[in-house]
Structures are given as C-alpha cells and as structure tokens.
Amino acid sequence: MAARVRQGDAEAAGALLAHSVSQGHGKLALRRFLLARALGARVSAADKRYCARIVACLPVEAVAVMAEEEWRKAMRYRGRETFDG
C-alpha cells in the first residue's frame with residue numbers, strides 16, 4: 001500500500017489514513033491525512049474529526065511544518081516539484 005502512495009495513488013493514501021485512524025495513531029494519522037488531502041484523496045468525516053482532535057493538541061507551528069512536509073512529499077510523489085495553479 002505504501003508503495004502505491006509513493007506512486008501518487010490518492011486512494012491508497014486514503015486507505016493508509018483509515019488504517020492509522022483505526023489503530024489510534026496520533027501524529028502518523030495526521031501526517032497521512034495531510035498527505036492524502038495533498039494527493040486529492042477523499043477523506044471521511046470521521047477521519048477528519050479524528051485528525052482535528054490531533055491538531056488541537058499540537059502547536060500551530062508544528063502542524064504548519066507537517067503540512068508543508070506532506071505537501072512537498074505529495075508533489076514529489078506526483079512527479080511535480082512546484083504547484084502550478
């Protein structure tokens with residue numbers, strides 16, 4: 001599954017997120033949420049709520065760094081280094 005995500009597969013990214021949420025992962029689930037969204041995956045309302053609870057426990061700066069890292073990762077996985085619109 002992770003190999004599919006590294007190929008830019010949004011569906012696989014969403015599945016990894018769902019797995020992390022089901023296992024009670026914290027920051028890992030949040031990172032997978034950010035990556036899944038950056039790849040264009042649809043995310044369930046329950047997974048969004050779960051990740052929102054994680055965000056609420058973290059410093060804003062830490063979440064911003066994570067979001068930037070996962071966005072860059074998504075662009076790399078999709079074969080793009082920059083966002084062109």
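User: Where is M1 found?

Analyst: This is a predicted model, in which local features need pLDDT of at least 70 and side-chain atom pairs count only at pLDDT 80 or more, while totals for chains, interfaces and linings use all residues. Residues are numbered from 1 along each chain as its sequence is written, and side-chain values use heavy atoms, with hydrogens and water left out. Helices are DSSP runs (H or I, at least four residues), numbered from the N terminus. On that numbering, M1 is found in the segment before α1.

User: Which residues is M1 in contact with, leaving aside its neighbours within four places in sequence?

Analyst: M1 has a relative accessible area of 49%, which means that it is partly exposed (buried is under 20%, exposed over 50%, partly exposed in between, with a 1.4 Å probe and protein chains only). Its C-alpha atom is separated by 8.2 Å from that of A15, 14 residues apart along the chain. Contact means heavy atoms within 4.5 Å. Once neighbours within four places are left aside, the contacts of M1 are A12, A15 and L16.

User: At what angle do α2 and α3 pack?

Analyst: Axes are lines fitted to C-alpha atoms, for helices over the stretch in contact, and angles run from 0 to 180 degrees between N-to-C directions. Helix α2 covers residues 10–22, and its axis lies 9 Å from that of α3. The angle at which α2 and α3 pack is about 160°.

User: What does that make α2 relative to α3?

Analyst: Angles under 35 degrees count as roughly parallel, over 145 as roughly antiparallel, 65 to 115 as roughly perpendicular and the rest as oblique. Residues of α2 including L16, L17 and V21 meet residues of α3 including L28, R32 and F33. With the two helices packed at about 160°, α2 is therefore, relative to α3, roughly antiparallel.

User: Which residues of α4 make the contact with α3?

Analyst: The axes of α3 and α4 cross at roughly 120° and come within 9 Å, so α3 is oblique to α4. From α3, the contact is made by K27, A29, L30 and F33. From α4, it is made by K48, Y50, C51, I54 and V55.

User: Why do the buried residues of α4 line one face of the helix, and within what arc do they fall?

Analyst: The buried residues of α4 are D47, Y50, C51 and I54, and they pack against α2 and α3. On the other side of α4, R49, R53 and A56 are exposed. The arc is that of the directions from the helix axis to the C-beta atoms. The buried residues line one face because, seen down the axis of α4, they fall within an arc of 90°.

User: What covers the buried residues of α3?

Analyst: The buried residues of α3 are A29, L30, F33, L34, L35, A36 and A38. After α3 comes G40, with a positive phi near 90°. The cover over the buried residues of α3 includes α1, α2, α4 and α5.

User: How far does α5 reach from its first C-alpha to its last?

Analyst: Helix α5 spans residues 60–77 and has 18 residues. The expected span of a helix is 1.5 Å times one less than its number of residues. The reach of α5 is close to the expected 26 Å, at 26 Å.

User: Which elements are included in what covers the buried residues of α5?

Analyst: The buried residues of α5 are V63, M66, E70, A74, M75 and Y77. They are on the same side of α5 because they cover an arc of only 170° around the axis. What covers them includes α1 (2–6), α3 (27–38) and α4 (45–56).
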